[in-house]
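Biologist: I would like to learn how to read a few features of a protein model, starting with sheets and moving on to backbone angles and aromatic rings. Could you take me through them one at a time?

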Amino acid sequence: MTALAIEPPSTGGPDEDGDGTAGTVCAITADGAYAARLARAGGCWFPERWTLDGPEPYAVPLPGNQPEEPGTQVQPMADGRVLIHRLVERRHCFSLLYPTGPGTGELPLGSVECPEPGTRLGLLPPAPGGARAYALAVGPHSTALWLVAGGAFGPEHLAEVPGRCSGGVWLDRVGRLLAVDRELDGCTKTVVVDLERGGEVSPLLQIAADSDDRLLLADPDSGLLLISSDAPHPGEERLGWGVLGSTLPVRFPECLRVPDLPVTPFAVQPGQSLMPENCAVALCVEGPDGDWIALWRPAERRLCHVPAPEGWLAGSGLWTPDGVLRLPYATDEVPCGVAELAAPWGEPVDAGLPGGTAAPGPGGTGGPGGAGPEDPVRDGTAPGAREASAEAAEPEPPGPVVARPVPLQQAPLGRLVTN
């Protein structure tokens with residue numbers, strides 16, 4: 001179905017502190033059928049699987065023989081099992097958990113050792129298809145990509161990427177092209193790792209020679225990319241958007257700035273083929289009194305602020321193709337719930353969420369989004385969108401084809417930021 005102080009999206013990837021802490025409170029499969037999280041009861045942590053594709057969501061606890069550590073990572077698989085990643089000294093152990101009547105079954109998959117001091121290993125976001133799971137082991141000078149579930153003989157080392165990598169965004173629906181943010185020679189740029197070409201690395205996001213450019217989210221259907229970069233204003237991270245395969249520069253709408261508050265995109269609407277400007281995006285705004293949700297799409301050029309449901313598993317959620325945002329939440333009264341939000345564009349937003357109101361968060365609608373003469377998005381349509389659509393509409397060769405991404409190359413930045 002699928003950040004200004006910008007942070008990478010909560011994907012369950014490697015933590016920045018090296019303590020094994022999971023990067024998300026809830027991981028959801030790419031098709032939205034299952035979710036998994038580390039739940040707490042009586043001071044003890046245990047894995048919990050959520051089923052989301054039935055008439056009503058429900059949770060199945062998967063406790064082991066002893067409580068889990070708070071930083072244990074879990075990830076749902078397409079068959080309903082839950083991958084668990086435990087850190088035991090310098091060994092990273094992986095198993096698949098599944099319910100067996102009143103108990104929990106566990107299938108050990110093996111382990112990965114990281115003997116080099118300072119190396120940290122964490123799960124990547126759920127892969128398309130849900131049959132495989134991957135992890136990054138980030139060392140002092142290079143990053144190893146591991147297949148940790150779905151292989152034939154336990155964890156498999158797939159590739160070694162020079163530099164320290166973070167993030168992790170899938171660019172296709174078959175799990176071949178993985179984008180990671182690589183820190184090398186003092187700058188961070190997004191590169192693509194091709195899993196079908198032995199881990200071949202190619203550039204994707206490089207706005208200016210000395211800028212830090214990161215990919216936060218991508219939608220394979222429309223090609224919409226959400227990125228962060230300090231290229232417009234060195235030393236200040238800005239949130240922007242571009243289109244995969246386009247030669248047009250990245251845009252940095254003024255409406256995506258919420259002064260002094262971190263803003264992190266966490267979900268993009270799928271199914272909008274050839275229409276990136278119509279994709280709805282959900283963002284988490286971290287306020288001093290709690291988080292709330294902002295809704296945006298490039299055609300609108302404004303943010304719609306709505307309250308988060310009580311007990312929202314912050315930073316998690318997914319859009320349906322028809323534009324409904326599904327938000328998992330847990331309260332004492334509803335231990336496993338999903339709130340649904342449909343935002344009518346161009347109209348006042350009615351939150352319709354448990355414990356919420358229609359009142360906007362701080363900042364109102366975030367302003368008109370900048371409609372000045374230098375705004376690179378006019379009339380809700382990105383320049384060249386029609387040309388891109390016409391090119392993409394050419395007949396495709398038979399059989400599945402995975403398009404190689406075209407790097408978003410350097411472009412004049414003076415007119416890319418609306419004021």
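Modeller: Let us begin with what pairing means here: two strands count as paired if DSSP finds at least two bridges between them. Please keep in mind throughout that this is a predicted model.

Biologist: In what order do the strands β17, β18 and β19 lie in their sheet?

Modeller: Strands of a sheet pair through backbone hydrogen bonds, either parallel or antiparallel. Here three strands form an open sheet in the order β17-β18-β19, and their pairing is antiparallel. Because β17 (213-218) and β19 (238-243) each have a single partner strand, they stand at the edges, and one side of each is left without a neighbour in the sheet. On average, and ignoring direction, neighbouring strands of this sheet are turned by 30 degrees against each other.

Biologist: How many bridges join β18 to β19?

Modeller: Six bridges join β18, which covers residues 224-229, to the antiparallel β19, and in one of the pairings Ile227 has Gly240 of β19 as its bridge partner.

Biologist: What should I look for in the backbone angle phi?

Modeller: Most residues other than glycine have a negative phi, and most peptide bonds are trans. In this model Asp185 has a positive phi of about 55 degrees although it is not a glycine, and Arg301 likewise has a positive phi, of about 60 degrees. Asp185 is placed in the loop between β14 (177-184) and β15 (187-194), while Arg301 lies in the loop between β22 (290-296) and β23 (304-307).

Biologist: Is Arg301 buried or exposed, and is Asp185 buried or exposed?

Modeller: Arg301, with a relative accessible area of 18%, is buried, whereas Asp185, at 75% relative accessibility, counts as exposed.

Biologist: How many aromatic pairs does a search of the whole structure find, and how is such a pair described?

Modeller: A pair of aromatic rings is described by the distance of the centres and the angle of the planes. The search of the whole structure finds two aromatic pairs. In one of them, the rings of Tyr134 and Trp170 have centres 5.3 Å apart and planes at 55 degrees, so the pair is tilted. Since Tyr134 belongs to strand β10 (residues 133-138) and Trp170 to strand β13 (residues 164-170), the pair ties together parts that are 36 residues apart in sequence. Tyr134 counts as buried at 5% relative accessibility, and Trp170 counts as buried at 8%. Phe266 and Trp312 also form a tilted pair, at 5.5 Å centre to centre with 50 degrees between the planes.

Conventions. Residues are numbered from 1 along each chain as its sequence is written. This is a predicted model: local features need pLDDT of at least 70, side-chain atom pairs count only at pLDDT 80 or more; totals for chains, interfaces and linings use all residues. Side-chain values use heavy atoms; hydrogens and water are left out. Helices (H or I, at least four residues) and strands (E, at least two) are DSSP runs, numbered from the N terminus. Axes are lines fitted to C-alpha atoms, for helices over the stretch in contact, and angles run from 0 to 180 degrees between N-to-C directions. Buried means under 20% relative accessible area, exposed over 50%, partly exposed in between (1.4 Å probe, protein chains only). Rings of Phe, Tyr and Trp (its six-membered ring) pair if their centres lie within 6.5 Å; planes under 30 degrees apart count as stacked, over 60 as edge-to-face and the rest as tilted.
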